[in-house]
There are 4 protein chains.
Amino acid sequence: MSIQLLENTYGESHVRLLRVSRQEGRHDIRELSLAIRFEGGFEAAHTLGDNRKILPADTMKNTIYALARQHSIEPLENFGLHLIEHFLTYNLQVSRVVVEASESIWGRLPHGGKPHPSAFARVGDEKRTAHLRGTRARTEIRAGISDLEVLKTARSQFRGFKKDPYTTLQDERDLILSTIINATWLYTEEDAEFGGLWHAVRQMLLETFAEHQSQSPQHTLYTMGEIVLQNFENIGEIHLSISGRHFNLVDLSPLGMDNPGTVFLPSDEPYTVIEATLKKTT
Amino acid sequence: MSIQLLENTYGESHVRLLRVSRQEGRHDIRELSLAIRFEGGFEAAHTLGDNRKILPADTMKNTIYALARQHSIEPLENFGLHLIEHFLTYNLQVSRVVVEASESIWGRLPHGGKPHPSAFARVGDEKRTAHLRGTRARTEIRAGISDLEVLKTARSQFRGFKKDPYTTLQDERDLILSTIINATWLYTEEDAEFGGLWHAVRQMLLETFAEHQSQSPQHTLYTMGEIVLQNFENIGEIHLSISGRHFNLVDLSPLGMDNPGTVFLPSDEPYTVIEATLKKTT
Amino acid sequence: MSIQLLENTYGESHVRLLRVSRQEGRHDIRELSLAIRFEGGFEAAHTLGDNRKILPADTMKNTIYALARQHSIEPLENFGLHLIEHFLTYNLQVSRVVVEASESIWGRLPHGGKPHPSAFARVGDEKRTAHLRGTRARTEIRAGISDLEVLKTARSQFRGFKKDPYTTLQDERDLILSTIINATWLYTEEDAEFGGLWHAVRQMLLETFAEHQSQSPQHTLYTMGEIVLQNFENIGEIHLSISGRHFNLVDLSPLGMDNPGTVFLPSDEPYTVIEATLKKTT
Amino acid sequence: MSIQLLENTYGESHVRLLRVSRQEGRHDIRELSLAIRFEGGFEAAHTLGDNRKILPADTMKNTIYALARQHSIEPLENFGLHLIEHFLTYNLQVSRVVVEASESIWGRLPHGGKPHPSAFARVGDEKRTAHLRGTRARTEIRAGISDLEVLKTARSQFRGFKKDPYTTLQDERDLILSTIINATWLYTEEDAEFGGLWHAVRQMLLETFAEHQSQSPQHTLYTMGEIVLQNFENIGEIHLSISGRHFNLVDLSPLGMDNPGTVFLPSDEPYTVIEATLKKTT
C-alpha cells in the first residue's frame, strides 16, 4: 500500500481591514474580510516537513495590507486580481491562487437630510462577495451576495406536491416565503464594470423575488437565476442557494381563537435548503 | 444558621413572533422577541416544591400569542402595558411583572422606485427595545435601541489623559471612533406617543454622534444623553452604554511603507465599555 | 432643569491571555478573558471633555499582561486581588475597581493511558468565573460557574401548578430537565483556599442537580443553593440562574405512532429563566 | 441563448432530536442534528412550478422522527443507511440521497465516584459526524470529527520557509500549535463496526497530534492522515482540515519586561487553514 496526497491547499482566512479614503469634505470607508489559498507543489512540506516552498500564511496577511495601502480595494474584483497577479508572479511553486473577499456594508448617517460626509452605520448582515480563482493560464471571477434575508407575505404558494404516508404538510395558497439569499455569478470577461454590475444584479434578484408568483422556492430560485442570465451578457453562470426559514402559523385553537394569517412563529431550525446552478448554453 | 430567599424571579424568554397586518394592497409586518418575568410569593415553590402559585412559563408564552392575536403590537410599549395588565389582573400572587421586548427591523424592498407592498428585507442587527416594570401601584416604561453599530472618521480625538508606567497609548488627534450603541430612556408619562418619540430620539442620538467634537467616548456619550434630556419633556432619565471597537492603524513600517490613516485593522476583542446614566433634576 | 450624572463606569473588556508555565517534563496552561471597570471622579471627562483623570482603557489591558507576566494567575481570585490593589494604589481618582475573569477549561490529551505533559483539548463551553469589586475599604470576592449545560432524564416532575384559561401545559411526572447553570457565590473571607473550594462547590452543585427529586426548576435551584450554603462556612450568599431548555416530545400521532418518552425535539428558543439569591442569616 | 439547469438539490437541514433509551436503572441519550438532500428529476419544479415530483422537505423531517422512533440511531452510519434506503425506496424520482448527521457529545455526571445512570453534562463543541451519499447503485459512507480544538506547547516549530519582501515572520523553534480539527474518512465497507472504529480513529488522531515533532501544520496534518490510513484496513481515504488559531507572544518590551514564552494573546482572527485529502493506492 502507498499513500497519495490528493488536493491540498493552505492559506490565511478572515484577514480584516478597513480602508479610509480621505478627500476634502468627504471620507469613504470600506471594510473587507479576505481569505487567500494556495495550490501548488507542497508535497515535501507534507511528507518530509521541508518548508522551502511554503510562503507563510502570515505573509499572505502582510501582502493584503501592503496592496491595500498601494491600490484601491474598490471594486473587490480588481483588488482580487491584483492579489492573484502578485502571488503568481513571486511564487513559482504556486499553481493556483484563490481569493475570497467579503465586504461589510456601511451606509452614511443622515445629516440635515443629506448623507453625512464622515459618519456611518453598519447596514445589516448582507455582504458583497467576490471569489477569484487564478492560474497562469486564466482567472475565473465570480461576484456574489451572501446573508441577505428577505421575506414576502404574498404571491407564494406550495401545492400539488408529492405526498407519502409521512407527509403532514397541507397545500398552501398563501405562504410566507422567507429566505436567506446566497448568490454567486461567473463573469465571462476579466475587465467588466464590476461595481455597477453588482448593484444591477442585486436589484434584479430582489425585484424578481418580490414580484414572482411563486409555486415553490425552486420555482422562484430558478426564475431569479434565469432573469440574471437573460439580462447580463457578460454573466455566464449563476449559482443560487436559498435557506428557507419557516414561519409557522401559531395554533391558537387550544386557546379558543382563530388565527387567519396573523401571528406566526419565526424559527431558525430546521430550515429548508435549495441550491442550483444555471448556465448559459449556445 | 438559617437561609433567606432574597430576590427571585422566573419567566419565559425569547418568545418570538411575526405579526402580519393585511390591508388591501399593502401588508405590514413586525417581528418581536419577548421575555416575561414574574416577581411575587414563590417561597413555597422554592422551599417545599409546592407549585400552586406557579403559573407555568409556558402559559406566559401562550398569553403573548393570544394577546398578539387580539391587539396591535405596535407600539411595543402599549403591547407591554397590555401584557402587564393581563398578568397582574389574573395573578394575585404576582407583585411585579417585567416585560422585555425587542423588535427586529424590516424594511420594504424597492419596487419600481417605490416601497413594495408585501416584500421586505431585514435591516441590520439594530433592535428597537422596550422594557417595562409594572406593579399594581405603577409602571416604569423604558424604550431603547440596541446593537446599533456606528463609526466616524473625523471629529474624534483622545488627548491629555492620565499616563502611568504601563501606558503606551499616544495622544491622538484623528481617531476612528467606532461603537455599538445601547441606549434606554425612561418615560415620565404612561400615555406618550411612543412610536414617534422613538424615531425622534434615535435620530437625535445619531446626529449627535456624527457631529460632536469628541474628546473621548465619555464626552460623546454624555453629550448624546444630555441633548435627549434637554429636548424631550417626557423623558426623565437615559442610560447609555457604548462598546468601543478598536480600529488600529496597521503598522506597515516593517514592509517599508507609511500608513497615513489609510489601512486599519478592525478587531472585535478587546473592546472598551463606557456606561453612564443621566437624570433630570429640578 | 439641570442634569445629574449618576452611576458611570468605563473599562476594557474581553482581554484574553494564555499563560504557559513550563516545568521540566510538564507544561501547564491557563486561558483567561478579563474585564476591568473603574468607578470614580470622571465628571469632568463627561461634561467638559477633560481627560486628566482618565487612565486609558488600553493601559488596563497592558497592566493585565504585565501582572500576568509577574504573578501566577491561578487561582483567578488572587490574580483579581493583585489587579485591584495595583489600580487602587496608582489611581487616586478611582474609588472602585471591578474585575471580571472567566477561565476556559482545557484538559490534557491522553498519552498511553496517562495525561499528556504538553498537549491539551478544550473542554466545553463551561467557564470558571471570578467577580471582584474592590474599594479602599474592602473587596467583595465572588466565584462562579457559567455556561455549564446539564440534563436529567429521571427524578423530575412538574405538577399541581396554577392554571388559567391560556394554560395548555399538562401535569408531568416524567420530564427531561435540561438547564444551563450559571452560579456565583460570595466568599466571607479574602484569603480562602479558592482553588479547592471552586471544585468542591461545583461538585456539590452537580450532585444535587443529578439526585434531587425535582418538583420544579425553582425547587431544584433552591436545593442546590441551600446545600452549598450549609456545607461551606466561608460562603455567605449564592446566586443561581437557570436557563431551562425545552425538550418537547415529538408528536408522532399524525404518523400513526406512539412516542413513549423516546424522541424529543431539543429547542433553543424560547427558554425558561429562573433566578434566585440565597443568603445566610444568623 | 438557452439556459441549462446544472446540479440542483433540496432538502431539510438542522433537524434536531434527542433520543432516550430507558433500561431499568440506566438511561442512555443521544442528541443529533441531521440534514437530508435529494438529487433527481426536479427540472419541472424549477422551470414550470410543477411540484408533482417534490416530496416536501417537511416530510423529510417527519421521516427522520419516524425512523428514529422505530430504529436505533446508534451508530450514526447505520441510521443514515436506514434513511437512504427509505427515501430511495419510496421516491423513484430521486437519484441520490445525501445524509449529514452530527452528534453532540454528552457525558455522564459523576455520582459517588461512578457515572450517574440518568444525569448528563454536555462535553464541548466537538461533534461526531457522518456523511452518506447513496444512489441505487452504491452508498459512500464517511465518518468524521468536527470542531475539536486542541493545542500543544511543545514539539512544534516552523523554520526554513520561503521568505519574500513582505515576510516578517521569524523562524520559530518553540511554537504553540493550536488548531480546530475537522476530519472525515471514507469507509471501504458498508457493514464495518462503525462505533468502535470512530473511537479508535479519534484516539489515533489525537495521539499523533500530541506526539508528532511538527515542522509545520502541513507536516502534522499529513502524518495524522497517514497513520490512520496505515492502521485501518477499511478506511480508503481521509480528508483533514486544520484551522490554525494564532497565539502570539505579547510584546512586553514597551513595559520594560521580557516574555520568555509565558504570556500569549489568543486570537480568533485571522486564522490559517490547511486542507488535504490522502488516499490509499495499491
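Predicted model: local features only at pLDDT ≥ 70, side-chain atom pairs only at ≥ 80, totals over all residues.
Residues are numbered from 1 along each chain as its sequence is written, while chains are lettered from A and ligands numbered from 1 in the order in which they are written.

Start with chain A on its own. Its secondary structure comes to five helices and eight strands. Helices (H or I, at least four residues) and strands (E, at least two) are DSSP runs, numbered from the N terminus. In that direction, the elements of chain A run β-β-α-α-α-β-β-β-β-α-α-β-β. Along the principal axes, the C-alpha atoms of chain A fill a box of roughly 75 × 70 × 45 Å. Chain A has 282 residues, and 47% of them are buried. A residue is buried if 20 or more other C-beta atoms lie within 10 Å of its own, exposed if 12 or fewer, and partly exposed in between, with C-beta atoms placed from the backbone. Now take the contacts in chain A with a separation of 6 or more. Residues 24 or more positions apart account for 61% of them.

Next, bring in chain D. Copies are superposed by least squares on the C-alpha atoms of residues with pLDDT of at least 70 in both.

What do the two chains put into their contact? Chain A brings 66 residues, and these touch 66 residues of chain D. On the side of chain A that touches chain D, β1 (2-23), α1 (43-48), α2 (57-70), α5 (217-231) and β8 (263-281) each supply at least two residues. β1(A) gives the most to that side, with 15 residues. By type, the residues of that side of chain A divide into 26 nonpolar, 25 polar and 15 charged. Ala, Val, Leu, Ile, Met, Phe, Trp, Tyr, Cys and Pro count as nonpolar, Asp, Glu, Lys and Arg as charged, and the others, Gly among them, as polar.

The strands also pair across the two chains. β1(A) and strand β8 (residues 263-281) of chain D pair in the antiparallel sense over 10 bridges. Two strands pair if DSSP finds at least two bridges between them. A:Gln4 stands opposite D:Lys279 in β8(D).

Chain B relates to chain D by a turn of 180 degrees and a shift of 0.0 Å along the axis, with an RMSD of 0.0 Å. The same surface again serves both copies, since 100% of the contact residues of chain B recur in chain D. How many residues does each chain give? Chain B gives four residues to the contact, and chain D gives four. The side of chain B that touches chain D has three nonpolar residues, one polar and no charged.

Now look inside chain D. Two packed helices are described by the angle between their axes and the distance between the axes. Helix α4 (residues 194-211) of chain D packs on helix α5 (residues 217-231) of chain D at an angle of about 140 degrees, with their axes 9 Å apart. Axes are lines fitted to C-alpha atoms, for helices over the stretch in contact, and angles run from 0 to 180 degrees between N-to-C directions. From α4(D), the contact takes D:Val201, D:Met204, D:Leu205, D:Thr208 and D:Phe209. From α5(D) come D:Thr220, D:Thr223, D:Met224, D:Ile227, D:Val228 and D:Asn231. Together, the residues of this contact are seven nonpolar, four polar and no charged.

Finish at D:Gly144, in strand β5 (residues 139-152) of chain D. Is D:Gly144 buried or exposed? It has 26 C-beta neighbours inside 10 Å, so D:Gly144 counts as buried. Leaving aside its neighbours within four places in sequence, D:Gly144 is in contact with D:Thr129, D:His131, D:Ala183, D:Thr184 and D:Trp185. D:Gly261 lies 117 residues from D:Gly144 along the chain, and their C-alpha atoms are separated by 34 Å.

Technical notes:
Contact = placed C-beta atoms within 7 Å.
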